[in-house]
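Visitor: I'd like to learn how to read domains and chain contacts. Could you walk me through them?

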Amino acid sequence: MTWLLVLILLPLVGAIVLSGLRGDDKLATRVALGFGILELLLIIPLWASYRPGGPRLQQTTSMDWIPGFGIHLSFGMDGIALVMIAVIALLVPIVIGALSSTDKLPEGRSAGGFLSLILVQQALTIAVFAATDVFLFYVLFEIMLIPMYFLIGGYGGANRQYAAVKFFLYSFLGGLIMLASAIGAYSLASDKLGQGTFDWATLVTVVRDAPASTQIWLFLGFFLAFAIKAPLVPLHTWLPDAAGQAPIGVAVLLVGVLDKVGTFGFLRYCIPMFPEASKTLAPLVLVLAVLGVLYGSILAAGQTDMKRFIAYVSIAHFGFIALGIFSFPTSGSETETLSSEPAMVGSVSYMLNHSLATGMLIVVVGMIVRRGGSTRISDYGGMAKVTPVLGGMLLIAGLSTLSLPGTNSFISEFLVLLGSFTTRPVYAILATIGMVLAAAYVLWLYQRVMQGPVRGDAMLGAGGGPGTAIAPELGAKKGIRDLGGKEIAVLAPLVVLIIGLGVYPKPVLDTITPSVQATLSSVVQQGGK
Amino acid sequence: MTPTYYLLLSALLFAIGAVGVLVRRNAIVVFMCVELMLNAVNLTLVTFARINGGLDGQVMAFFVMVVAAAEVVVGLAIIMSIFRTRRSASVDDTNLLKY
Amino acid sequence: MTASSWLLVAFPALGALILLVGGKRTNGWGHLLGCATVVLSFVYGVVLFFGTTGEDAANRVTDTKLFSWIPVDALQVDFGLRIDPLSVTFVLLITGVGALIHFYSIGYMSHDAERRKFFAYLNLFVASMLVLVLGNSFVTLYLGWEGVGLASYLLIGFWQERPAAATAAKKAFLMNRVGDVGLAIAIFLMWKYVGSTGYTEVFAAVGNMPAGVVTAIGLLLLLGACGKSGQFPLQAWLPDAMEGPTPVSALIHAATMVTAGVYLVARSNPIFNETADARLVVTLVGAVTLLIGCVIGCAYDDIKKVLAYSTVSQIGYMMLAVGLGPFGYALGIMHLLTHGFFKAGLFLGAGSVMHAMNDEVDMRKFGGLWRKMPITFVTFGLGYLALIGFPFLSGYFSKDAIIEAAFGQEGWKGWVFGLAAMLGAALTAFYMTRLVLMTFFGKARWKDIKSSDGRDFHPHESPSSMTVPMIVLAIGSVGAGAFFALGDRLSEWLAPSLGPLEEFEHTVIPHAAIPWLTVALSALGVLVAWLVVGRRDTPVERPENVSFPVRAARKDLYGNALNETLVARPGTWLSRALVYVDNRGVDGVVNGIAAGLGGGSGRLRRMQTGFVRSYALSMLGGSFLIIAALLLVRFS
């Protein structure tokens, strides 16, 4: 039994325990938090066991599942998967801890059910990152939608059913196309080896030699699924709805972790399995990526709803991630390979850092919404005067979102742009415009919510008409309180990580660099032939 | 003696049964027409068994008869209960199960 | 000893951390801690300074690697600090002037409930600014560069309940970000062509880079410098930044942060030495900006805005100087230092006046204040004289040197830059004299009016925590120039960082005449100002029927209007249009498909009539079709 398997199974045990605790919300939250923290602690031995210089996949286990088709229940991880698994383990306890200070569950729903779904989601997401069998990955990729569907559809906002169905259909459609491609890869393997297999490590060696035209079709199948998941423009419209309607905790997991499966898929499946196709289609992906950066940023600036705002911000950030992943050099020149390597490393660290920054942003917005009772930006104003600590937290999350040096996101964005500039200068320069736009939308949000005269509407209910200025003391009197100790405790780990990883990102970079080199060499070696 | 006549007869019976199912409204009559179609098929099966000199077709006919008997039991029971609640055995009255 | 140079940064950073995390608990002693950390840094800076002077000129540049910051295989960005004459000079300026302004703030902010937070932000600023000047790679510089941007954002918007302050803060950050993009792309170019971002490696490789790339890097660095230093075309944020508390204007928007652009160009001197084209653009930007700043400064009635435009124009001088290359790097830095003294002093003086006048900034409501505030008047007056280049005060030495060097250029450049600089000196004398006359002399106009919140004005001298820093800075304004310039003390001290100061061969007008001409023109400016403003009473209401140049200058020469029409409004419009497109267009396609499918199935549903025989018929038809198909395959 590897640590990895323990990490996958533990939340499932927690979910079973929680489903028996439907009556007592307080107890259920405590038990769930216990499981979440235990899971987080288990990351320590997992991380300690990882050898950056060791084999590509570590902590591997494999069992027969459907031997007739060469399908195994096999799990393993590389540095990229390790980082993502660590993020999930970190975010889940934060989500559970923030539950009482952000969301009010709909009438008649128990916290036990909600939290057990969250734990199931955690287990499945870890398993997706750990799966090393392509068929198993597909199955988990689809099953993962089920708890999320219920989490959005059962516990979300007013328009939750629509959002949940839209989310499900989008992702499911992508998944099915991916299945077709996976079967195609399988049949390529069975032609070549005489016996089909879905084992990732074997498939990679077989499929990469397939003719370019075949590769392109198979690539597109996988790519579509991941492009929907990661959302790249123009396949993004499910995210604002889903994130806008989902409860805060679920939105954190959705934007912070689930969407990363898409970019993870680019790195694990698209590029190593189909290097020729990746090179041919890289310009297409880059156009979508840069489009995403600019389009997401401009739309974020135009949003009137805070949760949808975050969704569009994420779309812009996913553009950066995709830019970094697909700016590998198309010729095999060694200097170019070396000098573009920071781009992919940056993308992987962006996957981590975006989870932290956006996760914090969503939780802080949840706390604002809990106080004001509205997600409309225009209902707020001058909150920092009444709740300075909350204002500070929003500012920290915002600064990380706009990649201020000294915060974690800067490292990633800098690496992505620096690396992609060496191979794709035009795309990189266009994407740097996103840096300016990021400052614009973040600071504008901060100004509208936190600065200016203290305003009444949402904060005081029917107290004042739109735009009425009120005295700061009145806010305190009406129960708009600043963050309490528990809420600060929930946010503190994120703040520490956001600044800590901005100042000293070495541990993370050292962990992911070897895996990125392996991914990059799979596409560049091919070019050298 | 050619088997063609038997086949023609069974085709005729099947056609009568099919038309009966389509045009008649009384559930009992529709039911009888279904039986007629089943028996037309039985006749075909037996005829072919005779032509091929095997027993397969005859065995098959027995199976059909057994199934038909079971069907009659269940079907008539359903028709009876419908008639009891609605005082009618017309198939067009029972059209609730639709779009 | 230089190995522990991180302490310089650590003190103020720790101060900011304690004050921000400690929150209200530190209200009682927060301001003292804030001052103490900066003083500690200053003391340590002095120690470093003497340590460096003790070395031979050849050993005065030391790099210290603290830790590996961004290691990715080939890319190794270390967090390292460089102690050399240039950075030590800046350390002394930042911590020295910074400490004075911290003291001043104790008095100035004494009525503010959030004084502790103000000191936290000031400490954050000092720490970031020290990272900026101490960093030994362009990435470390970038860290400090955006760090001071953040501190500036927080401090401009310190009174965040004022919409104008919040907007000004955002505007400053955004315009800086535009410049930062230039700096970032310059760093990318260095990585692409050099494979490193450290000063040592980049400067060593400049000679081997294609000339076009060097020029591109130079221009991109200039874009960064323009953003940070409020140079044309990114100058519009700096006057708005005066919404912040006055100590902030003095420290950040006069003495230190806004001069970072000059520092960047001077620091990158090996790059600019290789590219005459980029240098020319730097000089042009400086010349244009110094004139713009002077012209607008003549029209404003807001005391802080006049000083702000004066800052814009003085930084224009510095840019012009460093754009002259080896002839001017040291001159630019010298003017930067003397400017740090007298402009900080002027801002503190203005703050003192505002403190006395219920935070009023309109000079038309002042007048005759010299009797009421003698210390402020004297210190302000000395700063004023230094700024307009009164002979043998510090501005005289630093500005004159720049004007001479500008005339020292060959051909048309000498004429254009020299005359621009000289004209600027005359205009500076005009608007500063106007400011002093309107504020300190003439009738006491504040006697008959009330402040905007309905109180009477009772001007009084400020407490000693405010006047002492003003006095110290006034001494600097008087003596610093002579100290730096006589015997070429400063340029020789800076030579290890900037290269030796080259002497120009000849000037386009006779060399000896230039100081005389400059002083004469400045005197003319003073005279005109006295004729226009000093001779008669200033009306309290601003006259509106004025000539076109005045109107244009009052509107910042239409800089803001241009930004508004070219960037802000189309941006808002684009954003709204795209939101519409996204909801109706992109999402419309998705929802359209869903609706189409739904509608289609709605039609098809009608086939389920509920009549058994219709189902039977369709079954029969289906069977016929299948059998027909089978037969067709069989017999065709």
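Visitor: What domains does the domain assignment of chain C give?

Guide: Domain bounds come from an automatic or database domain assignment. Here you get domain 1 (290-554) and domain 2 (565-635) of chain C, and their C-alpha centres are 74 Å apart. This is a predicted model, in which local features need pLDDT of at least 70, side-chain atom pairs count only at pLDDT 80 or more, and totals for chains, interfaces and linings use all residues. Residues are numbered from 1 along each chain as its sequence is written, with chains lettered from A and ligands numbered from 1 in the order in which they are written.

Visitor: Which chains share the most contacts?

Guide: Two residues are in contact if their C-beta atoms, placed from the backbone, lie within 7 Å. Of the 2 pairs of chains in contact, A and C come top: 39 residues of chain C meet 44 residues of chain A.

Visitor: Which element of chain C gives the most to the side that touches chain A?

Guide: Helices (H or I, at least four residues) and strands (E, at least two) are DSSP runs, numbered from the N terminus. Helix 6 of chain C gives the most, with 13 residues. Elements of chain C that each supply at least two residues to that side include strand 1 (62-72) and helix 23 (559-605).

Visitor: And where do chains A and B stand?

Guide: No contact joins chain A and chain B; their closest C-alpha atoms are 23 Å apart.
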